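Notebook open, model loaded. I want to go through the strand pairings, the helices packed on them and one of the pockets.

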Amino acid sequence: MKRERATRLLSDMITRLEDGAWPLGLVEEVYVFGSYARGALEPNDVDVVIEHGTDRRWLSESLDASINGRDSYVGMRQALRGRTRGISFQFRGRSLLDEGFELFLLWRKGEPFSLARERLASLTADPAAGPAPRDHMLAEFEGLESTVPRPARIELFGRHAKGRISITPLRLVDADLEDFEAAWHVRRRWVETSPLRRAATCALAALEQRGVDLSEVTLHGQRLSGRDQPAERCFVDLGWNGFGSMGRLLDSGVTWLEVLRPHRTKPMDALLIEPTPRT
């Protein structure tokens, strides 16, 4: 993206933090790092570290999200960036300092937000600073880099390096579902114009073509089958919403199909992540 847009995204984020609506009142520190912080004119995205505390409501909602296979940070991400995209958040990621990353402090709890805006203005452009190469990259991510967030890259890279998973990139195609119950489930959950409805249909159709019994599939946090559910074999996730459950499910032998960026009309890509048998 252009640097001007990246700066505007950060400025808008500071304004939202200043409003202090829950859960943003839990934020304690904000850091910027990566190519934008180094002055790149066209950074891949804006890398931001968020350090935060917790309260009773946060702990309750995080537990509920974990139990139901959802990402507990969805609400905080949306509160920080609104409806826009382009900021990649690392929550409680100050440990990046140990990996050699330079973190630029944007704001700390108790400081005036005017100071955050002054610090943002001090991050000037440097034509010699190009986009930083992405870390934890695999050949399977080639061409999909912007749609695989850094926490997911780290998780998948580590498992792949240990031989614990195989990853297959897929280009999803529009198709009708043969499984009537699964088709009804999708129509019931999302309206016709929803990008999630199209993403779910395409993902399930891809699994059908690979011979997967859809009664064994969990779709975006809900099982497709009714009573007398068979064992869970595959989890379909739409836009990294359930990322917090990925490690646990892969460890239990469940295949993960991630639709990287659901869209109403544009081509969609997915990653089929399959646990490898342990010897």
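I looked up I167 and found that its bridge partner in β10 is I273. This is a predicted model, so I kept in mind that local features need pLDDT of at least 70 and side-chain atom pairs count only at pLDDT 80 or more, while totals for chains, interfaces and linings use all residues. Residues are numbered from 1 along each chain as its sequence is written, and side-chain values use heavy atoms, with hydrogens and water left out.

I traced β5 (residues 165-172) against β10 (residues 268-275): eight bridges, in the antiparallel sense. For my own reference, helices (H or I, at least four residues) and strands (E, at least two) are DSSP runs numbered from the N terminus, and two strands pair if DSSP finds at least two bridges between them. Strands of a sheet pair through backbone hydrogen bonds, either parallel or antiparallel.

Next I checked β9 (residues 255-259), which runs antiparallel to β10 and is joined to it by four bridges. E258 has L271 as its bridge partner in β10.

I then took β6 (residues 217-219) with β8 (residues 234-238), and these pair in the parallel sense over three bridges. L219 stands opposite V236 in β8.

What order do the six strands take in the open sheet? I read it as β5-β10-β9-β8-β6-β7, with mixed pairing. β5 and β7 (222-223) are at the edges with a single partner strand each, so one side of each has no neighbour in the sheet.

**Helices on that sheet**

I found α6 (residues 150-161) packed on the sheet, where this helix touches β5 and β10 (contact means heavy atoms within 4.5 Å). The direction of α6 makes about 130 degrees with that of β5; axes are lines fitted to C-alpha atoms, for helices over the stretch in contact, and angles run from 0 to 180 degrees between N-to-C directions. α8 lies across β5, β6, β8, β9 and β10, and runs at about 150 degrees to β8.

**T255**

Leaving out residues up to four places away in sequence, I listed its contacts as R233, C234, F235, L272, I273, E274 and P275.

**Second largest pocket**

I noted a volume of about 310 Å³ for the second largest pocket. Its lining has 15 residues, and A175, D176, R197, R198 and T201 lie nearest the centre. α7 (180-189) and α8 (195-209) are the elements that give two or more residues to this lining, and α8 gives the most, with four. A pocket here is an open set of points on a 1 Å grid where a 1.4 Å probe fits, with protein on both sides within 12 Å along at least five of seven lines, and lining residues have an atom within 4 Å of a point.

**Four-stranded sheet**

I finished with the open sheet β3-β2-β1-β4, which has mixed pairing. β3 (87-91) and β4 (104-108) are its edge strands, each pairing on one side only. The twist averages 25 degrees from one strand to the next. β1 (residues 27-33) and β2 (residues 46-52) pair in the antiparallel sense over six bridges, and V32 has V48 as its bridge partner in β2.

Technical notes
Grid points are joined across faces, edges and corners, and a volume is the space filled by probe spheres set on the points.
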